[in-house]
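Here is a short report for someone meeting this structure for the first time. Take a look at the sequence and the model, then read on.

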Amino acid sequence: MRKVQIITDTCSDLTPELMERYGIDYARMNTVFEGKESPAELSWTKDEIHKFYETIRQGGRYTTTQVPVEEYDRVFRKYLDQGCDIVYVACSTKQSGSVNTAKVLAKKLEAEYEGAKIICIDSMRSAFGEGLLAMEASRLASSGKTAEEVASTIMGMRTTALQFCAVHTLEYLRRAGRVKGSAAFFGNLFGVKPILIADAEGNQAAYKKVKGRDASITEIVKLLKESITNPEEQTVYLGHADCKQEEVDVLKERIEKEIPCKDVYVCSIGPIIGASVGPDAISVFAFGKAVTFVGGE
């Protein structure tokens, strides 16, 4: 039986340590700043992370691109040449069209590599929601499942990958056109902090609004506590966009105190997601009850 290689993309926000642990590779999207296009790497340093978000705080604007076909060709061939089948866990099509490019290339490469299978999955998630599914796909592949079996299981799990994210403003997501239900959240209420979720259709959706940063952190812990399943068997992932360390520590301690999870893993929100959510976003991810909410227009 052919080995199954799991591939994701920059939107997954997986750290190099996690990719090495689970044997996952990723296809790079690009960021664009002042006309210069650069690969969006997930191996960036703490100083590079701070510089990126500080540039946005100072009024700089990063835009992003889909995964170039040449990048897909590079990473797919790397594993096809090793005799592997591939399951690609991609960013939600509601947020990036990259997976469609991958599907077109996959058909061409399957014709070139006789017997090879490349399955491209719309994860209906981004950030660590996508990463959760990629790591689960890796566990399934390591247990001896075929590419088809891995893909079938992951397709059925997509809406159970939970995201609760507190952002200072929806402005960055509004500019990028990547949040549904944003209109009702704009107004003159000083200090209102939106809570975002990944909805049942794969959108970043404005779900609730609360007054103040402390309240928003309390709310995402509450929402996670209400929705997570089998917490004792899970690691909760905490992603943040260059937040103050004391703020990260408070959220981590709150999770550990209120949710009997196995562990809390802290990581940074990567450059593609970060360009959309903006500085100081903070989020939690885990598997739980299937999401049924669909954001409004």
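Helix H8 covers residues 213–227, 15 residues in total. Its first and last C-alpha atoms are 21 Å apart, close to the 21 Å expected at 1.5 Å a residue. This is a predicted model.

Much of H8 faces other parts of the chain. Its buried residues are Arg213, Ser216, Ile217, Glu219, Ile220, Val221, Leu223, Leu224 and Ser227. They pack against E8, strand E9 (192–198), E10, E11, H9 and E13. An α-helix has 3.6 residues a turn, so residues three or four places apart point the same way.

Strands E8 (residues 161–166) and E13 (residues 282–287) are antiparallel partners, joined over six bridges. Within E8 and E13, Gln163 stands opposite Phe285.

**The four-stranded sheet**

A second open sheet has four strands, in the order E2-E1-E6-E7, with parallel pairing. E2 and E7 (118–122) stand at its edges. Each of the two has a single partner strand, so one side of each lacks a neighbour in the sheet. The twist averages 25 degrees from one strand to the next.

Strand E6 (residues 85–90) runs parallel to E7, and five bridges join them. Ala90 stands opposite Asp122 in E7.

| Helix | Strands touched | Angle between directions |
|---|---|---|
| H3 (residues 69–80) | E1 (4–9), E2, E6 and E7 | about 155 degrees with E2 |
| H6 (residues 147–157) | E1, E6 and E7 | about 5 degrees with E7 |

Asp25 is found in strand E2 (residues 25–27). Is Asp25 buried or exposed? Its relative accessible area is 10%, and buried means under 20%, so Asp25 is buried. Leaving aside neighbours within four places in sequence, Asp25 is in contact with Gln5, Ile6, Ile7, Thr8, Val75, Lys78 and Tyr79.

**Helix H5**

How does the span of helix H5 (residues 127–142) agree with 1.5 Å a residue? Its 16 residues should span 22 Å, and its end C-alpha atoms are 23 Å apart, which agrees. H5 is mostly covered, with 14 of its 16 residues buried. Gly144 follows H5 and has a positive phi, near 105 degrees.

Val32 is found in strand E3 (residues 30–33). Its relative accessibility is 17%, so Val32 counts as buried. Not counting residues up to four places away in sequence, Val32 touches Glu37, Arg61, Tyr62, Thr63 and Thr65. Val32 and Lys46 are 14 residues apart in sequence. In space, they are 20 Å apart, C-alpha to C-alpha.

H2 gives the largest share, five residues.

**The cavity**

How many cavities of 30 Å³ or more does a search of the whole structure find? It finds one. About 120 Å³ of space lies in the largest cavity. Of the 17 residues that line it, the closest to its centre are Ser126, Ala127, Gln204, Ile273 and Val277. E8, helix H10 (271–277) and E13 each supply at least two residues of the lining. H10 gives the most, with three residues.

Methods
Residues numbered from 1 in each chain as written. Predicted model: local features only at pLDDT ≥ 70, side-chain atom pairs only at ≥ 80, totals over all residues. Heavy atoms only, no water. Pairing = 2+ DSSP bridges. Buried < 20%, exposed > 50% of the residue type's maximum accessible area, 1.4 Å probe, protein only. Contact = heavy atoms within 4.5 Å. Expected span 1.5 Å × (residues − 1). Axes fitted to C-alpha atoms, helices over the stretch in contact; angles between N-to-C directions. 1 Å grid on protein atoms, 1.4 Å probe; cavity = no way out; pocket = protein on both sides within 12 Å on 5 of 7 lines; lining within 4 Å. Points joined across faces, edges and corners; volume = space filled by probe spheres on them.
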